[in-house]
Amino acid sequence: MSTFWDPLRHRTPARIGLDRVGDAARTRHVLESAEALALARDAVHGSLDVDRLGDELRALGIGEPVHVPSAAPDRATYLSRPDLGRRPADVPVLAPADLTLVVADGLSAEATALHAAGVLAALLAELPGDLTVGPPIIATQARVALADHIGAAQEARLCVVVIGERPGLSAHDSLGAYVTWAPAPGTADSARNCVSNIRRPHGLGHADAARTLARLIAGARRIEATGVQLKDTSGRLTDG
Amino acid sequence: MRYSHTVRDRTYTFDGLVDLLAKAAPDRSGDRLAGCAADSDAERVAARWALADVPLTTFLTDPVVPPETDNVTRLIWDTHDGDAFSLVRHHTVGELRDWLLDTAAGPDAATRLSALAPGLTPEMVAAVSKLMRNQDLVSVAAATSVTTAFRTTLGLPGRLATRLQPNHPADDPTGVAGAVLDGLLLGAGDAVIGVNPASDNPRTVRDLLHLLDDIRTRYEIPVQSSVLTHVTTTIDLIAQGAPVDLPFQSIAGTQRANDGFGVTPAMLAEANDAARGLARGSVGDNVLYFETGQGAALSADGHHGTGGRPVDQQTLEARAYGLARVFDPLIVNTVVGFIGPEYLYDGKQIIRAGLEDHFCGKLLGLPMGVDVCYTTHAEADQDDMDTLLLLLTAAGCTFVITVPGADDVMLGYQSASFHDVLTTRRVTGTRPAPEFEAWLEGLGMLDDAGRVRAVDPGDSPLRELTAKAGA
């Protein structure tokens, strides 16, 4: 069998160079895909260990974690009713802060359990000293927009949400992060910036993700906006 | 206007065209989420009876979304061709279904259907699709022909093209190039080689544009490339001199939903002009690439129509095609199963929606492709995708999305694999776009029957393709 693809497989998790039988892929490849789908579907239906994550977030030293369930009472409702996942069952009473930090299960609680605390720890190290940060919020059966309600309650200038992304066959443990200026219920998705594919080993590392988030936060404070007007300009074009 | 119909001894009433269209739609989770779905099968069939009797001229006077507040409606109405409409002006929705099926089975079907296209509005097409079975959607779409061109000619009869989608979770150039090589060796890429970048950083996007353009020019491949970032980023990159073939944008069927995407018709016109101005095409000058999908408007809270009522997601999807066709794009595809189970719950709903979207887009005159796909949180699997891919090919679909092993490792969903299209082309007798097929032939990659040979990539003329990617 050819070893042509071996070096390239170190550069991408994509299923490249599958052996052909006629026009189809070999049995081994078909079963590998079926197995990956089974694991991903199990991840979708998994739940977040809130106590364990709470211990990790408490260790960040930014206050006692607050658990905020969404208005979706269970996983089945969460999957078919995104509107319920976008708002908290009850909005907690919180002291004002410049920056709201929300850790949400999203569609992969496993990703959140693996990466959320690490990304937030790295992000806190990158933040300027003049920003006050609220206590970590743990949101369950939650979608990104739930955090707008928390941010509004904290009268926050900015909100960062880290949330489990939808599992795929190669990655069922990938985290996304969203930055929103002036969070308020009804904020359009185009008014957010996103950093995706935070995972190991093939995705974005915790430190790199944190640096990108810190740049987006700095840019958002400069132009007082997030979304399509704010691009991650670490790679700004200099010839124009 | 109130509509009503009696099934056995029960009379169902519908409060206006928006309500009637929604209640006549096949059952799907997104319409339930929006609160506009029929409550029972009997109510649904009553709505279809009533819809069948609605004159087509009603759609020119009763807006589904008010033109006063929606620029998509204004574009649809401003570009409606009354002369073309005269072919069916006196028909009802039910009679239009009969006309379409009769025309599809008759002589000069493609010519007659093309002549009608500018006379139909998206709402008329959505309405008639609700009276059509899956077989009807395939039948009429198969008789419809829409051809566009840039460096390949797309939509010709007997052809099935592919987007080669070499996504990488961190935009690694060698990783992207490896997936491009894999696809080319399996005969994919003739509609577009199109990357969804993980980052919207303009430098990353520019680097990917150069990577794809370098591969294309080095091997003289007659293909077009696209890096699927926001259209404003692409407009900036064109001004910077980046090698842009196809500007891309996601669009939806209402102004409010497009606001959610941060996009306006003026931006699309600007991108269209800028890319055409580069004159990079060799056999045609269609340059835009649009993606759409049922549920996009609802997910952006942009799904309300006349009277503040929720409009069903399939009608809104057809309206996105009304926006798209103003710009004569090279390719359009619905991302049918991508948006999730809250809009299309399972394999049955995804297959139906894929056939509806393809039919509506093609009948409106668009070069319509489909991302035959699903997510891990929907009740669907690869068997459902096999079914939809074969049905769409029978329906004359312009192109489908293909990724290595059916697994998109950046966006986290499942589409068709390069192998799936090899199989589909063989069993349906379809072939790649002619310019691309000639290139494959010229490199000795096809056998005597025109099928892609299985070769050791180390012996292929493309074997060095990935060598310079990281440089």
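Beyond its neighbours within four places in sequence, B:Arg163 is in contact with B:Ala191, B:Val192, B:Gly194, B:Phe399, B:Ile401 and B:Thr402 (contact: C-beta atoms, placed from the backbone, within 7 Å). The model is predicted, and local features need pLDDT of at least 70, side-chain atom pairs pLDDT 80 or more, while totals for chains, interfaces and linings use all residues. Residues are numbered from 1 along each chain as its sequence is written, with chains lettered from A and ligands numbered from 1 in the order in which they are written.

B:Arg163 is found in strand E5 (residues 161-164) of chain B. Strands (E, at least two residues) and helices (H or I, at least four) are DSSP runs, numbered from the N terminus. B:Arg163 counts as buried because 25 C-beta neighbours lie inside 10 Å. The cut-offs are 20 or more other C-beta atoms within 10 Å for buried, 12 or fewer for exposed, and in between for partly exposed.

B:Asn196 is partly exposed, with 19 other C-beta atoms within 10 Å. This residue is found in the loop between strand E6 (192-195) and H11 of chain B. Leaving aside neighbours within four places in sequence, B:Asn196 is in contact with B:Asn167, B:Leu228, B:Met410 and B:Leu411. An unreviewed UniProt entry lists B:Arg163 and B:Asn196 under "binding site", including also B:Leu164, B:Gln165, B:Glu291 and B:Asp371. Such annotations may be inferred rather than shown by experiment.

Between the chains, 54 residues of chain B are in contact with 51 residues of chain A. H10(B) gives the most to the side of chain B that touches chain A, with five residues.

Note on methods: Two residues are in contact if their C-beta atoms, placed from the backbone, lie within 7 Å.
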